Amino acid sequence: MLGLMQDWPLLCHKVIDHAATFHGGREIVSRSVEGPIHRTNYHDLRLSALQVAKRLDAYGIRQGDRVATLAWNTWRHMEVWYGLLGIGAIYHTVNPRLFPEQIAWIINHAEDRMVFVDLTFVPVVEKIIGELTTVEQVVVLTDADHMPDTSLPNVIDYESWKAEADSDFAWKEFDENSAAGMCYTSGTTGEPKGVVYSHRSNIIHSLAAAATDMLNASARDRIMPVVPMFHANGWSLAFSAPMTGAAMVMPGARMDGASIYDLLETEKVTMTAAVPTVWLMLLQHLEQTDANLTSLERVVIGGSACPRAMTKAFQDRYGVQVLHAWGMTEMSPLGSFCSLKPEYADLKGDALLDIQEKQGHPPFTVEMKITDDDGVELPWDGKTFGRLKVRGPAVAESYFKGAGGDILDDEGFFDTGDVSTMDKYGYMQITDRSKDVIKSGGEWISSIDLENLAVGHPDVAEAAVIGVEHPKWDERPLLVVVRKDGRETEKQAILSFMEGKIAKWWMPDDVVFVDEIPHTATGKIKKTTLRDQFKDYRLPTA
Ligand code: AMP
């Protein structure tokens, strides 16, 4: 016997319908790429998205067609997303921080028919346009007055393009399992792989992510997604925020500490989300200007491990609650949040920070297990680490065009490539990427733990740990440090600071100081480059 409930397909454009109907006046404030602050609301954004949908439809974009965006977080990017979603076309967010050759490769692989590009990235598209084999039309996300001189053929400014249609249009109807969006993994090795979200997976994921013990989003929030929409499905904030009726504050092209601070304060942001590098810049700005955060309540930190010192600074110094989160492009992307269950709710001080170093527990719809290399499940004792595997309705089943082959185990779990522990209350803690873990004398050392500890030193701005060849132990940890401006700290001071806080055999064999640590296009430490840089490094212990 089947249930007797309505068949209401889970389609993403229903999110903007809901927001426009029940939270129509709620603002979307953006720092435009041209400079000035722009204000709209969900009611008007929906009308613009309908206009975009009608214009795309008139041009001949059809269900299943891919359309690329190379764009910052702004209202225009949102309009394009929802316009595409409403006709069953696919928003393909391309990370503009990749090398131009990678961008060209990805756009060709996805077979994008159009490219919507911010002013900032017009030079990138000019550079690669000759190599783009499927792109018919480039639209620059600006108005006629701000159109740059460009060598691009067949190009138009967004506002003029959009004005060729009105908003008298009805969303198309289609199956909830239809593709909605696409995002290529940053992939430090091999070709990038395309993850394809469906309407259904986006809706289920955004509902799960918005919940109280996760993003804890509500209509009373003013949410600033600093994490770009082109990074891992924008952490689903372009859905979770309108779904709950939260206002949105979009930072546009300016991601430096001062600009972010300015928006947090003037727009009274209550919740924001980004990778640790962004928060490092904000905290430095706050320290240098002796400023305070007067409306921010929560900061979601993920994409890389959130250092303990960062959690401490936000919570103890500025009174902002840190929500450490973990996820990946293949998971839509949010997989866990470190919110406090009753078992941990009364912890204070260091005991609380110990828990907040964990990446946390998953929402309903994400299943987790840890296994050894043979797939045998490992105990949830908070100590044993193994391969972290996940399953759920918003987890990738395969990559676009079958890249990478079969990616699930016999039980349908996806291997995240992360190594983690699980504790008895179901809190997961990443110890490393499986490729980055340091294998010393048959035992594993977590590079992340060492990095987190090292950045707790008051003179350290950033730290990275890699395994370097060792004749006796196979590999030993080398600590690479960027000092804070004007600080003179030496190796011994840092090692003394770490001593006693970790097992003796985990202590780095050496410390080197550099001006800069290389990062990937999504702000993660680029360990492959560091390993290359130090491949001939001779440890003093070798
Ligand atoms: P991406 O698909 O680019 O978002 O990268 C996903 C990967 O980032 C994960 O598999 C982890 O290795 C890493 N990552 C994400 N969040 C965290 C976190 N909170 N702590 C440690 N690593 C993280």
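The questions and answers below go through some sheets, helices, loops and a pocket of this predicted model.

The model is predicted, and local features need pLDDT of at least 70, side-chain atom pairs count only at pLDDT 80 or more, and totals for chains, interfaces and linings use all residues. Residues are numbered from 1 along each chain as its sequence is written, and side-chain values use heavy atoms, with hydrogens and water left out.

Me: How many residues of helix α1 are buried, and which helices do they pack against?
Reply: Helices (H or I, at least four residues) and strands (E, at least two) are DSSP runs, numbered from the N terminus, and buried means under 20% relative accessible area, exposed over 50%, partly exposed in between (1.4 Å probe, protein chains only). Helix α1 spans residues 13–22 and is largely enclosed by the rest of the structure, because seven of its 10 residues are buried. Those buried residues are His13, Lys14, Val15, Ile16, Asp17, Ala19 and Ala20. With contact meaning heavy atoms within 4.5 Å, they pack against α2 (42–59), α3 (75–85), α7 (199–210) and α8 (237–244).

Me: Is serine 295 buried or exposed?
Reply: Serine 295 lies in the loop between α10 (276–289) and β13 (298–301). Leaving aside neighbours within four places in sequence, serine 295 is in contact with Leu264, Glu265, Lys268, Val269 and Thr270. Its relative accessibility is 17%, so serine 295 counts as buried.

Me: In what order do the strands of the open sheet that holds β16 lie?
Reply: Two strands pair if DSSP finds at least two bridges between them. Strands β16 (367–371) and β19 (428–433) are the edge strands, each pairing on one side only, while β18 (residues 414–422) pairs with β19 over five bridges in the antiparallel sense. The pairing in this four-stranded sheet is antiparallel, and the order is β16-β17-β18-β19.

Me: Which residue of β19 is the bridge partner of aspartate 418?
Reply: Strands β18 and β19 pair in the antiparallel sense. The bridge partner of aspartate 418 in β19 is arginine 433.

Me: What is the handedness of the crossover from β23 to β24?
Reply: Strand β23 (residues 474–483) is joined to β22 (residues 460–470) by 10 bridges in an antiparallel arrangement, and a hairpin of three residues links the two. Four bridges join β23 to β24 (residues 510–513), and these two strands run parallel. The chain crosses from β23 through helix α14 (residues 491–498) to β24; a crossover is right-handed if, with the strands pointing away from the viewer, the path from the first strand over the helix to the second runs clockwise, and this β-α-β crossover is right-handed.

Me: Which element gives the largest share of the lining of the second largest pocket?
Reply: A pocket is an open set of points on a 1 Å grid over the protein atoms alone, where a 1.4 Å probe fits, with protein on both sides within 12 Å along at least five of seven lines, and lining residues have an atom within 4 Å of a point. The second largest pocket is lined by 31 residues, of which Thr277, Leu280, Met281, Gln284 and Glu462 lie nearest its centre. The elements that give two or more residues to this lining are α10, β22 and β23. The largest share, seven residues, comes from α10.

Me: How far apart in space are lysine 501 and leucine 450?
Reply: Lysine 501 is found in the loop between α14 and β24, and with a relative accessible area of 48% it is partly exposed. Lysine 501 and leucine 450 are 51 residues apart in sequence, and their C-alpha to C-alpha distance in space is 9.8 Å.
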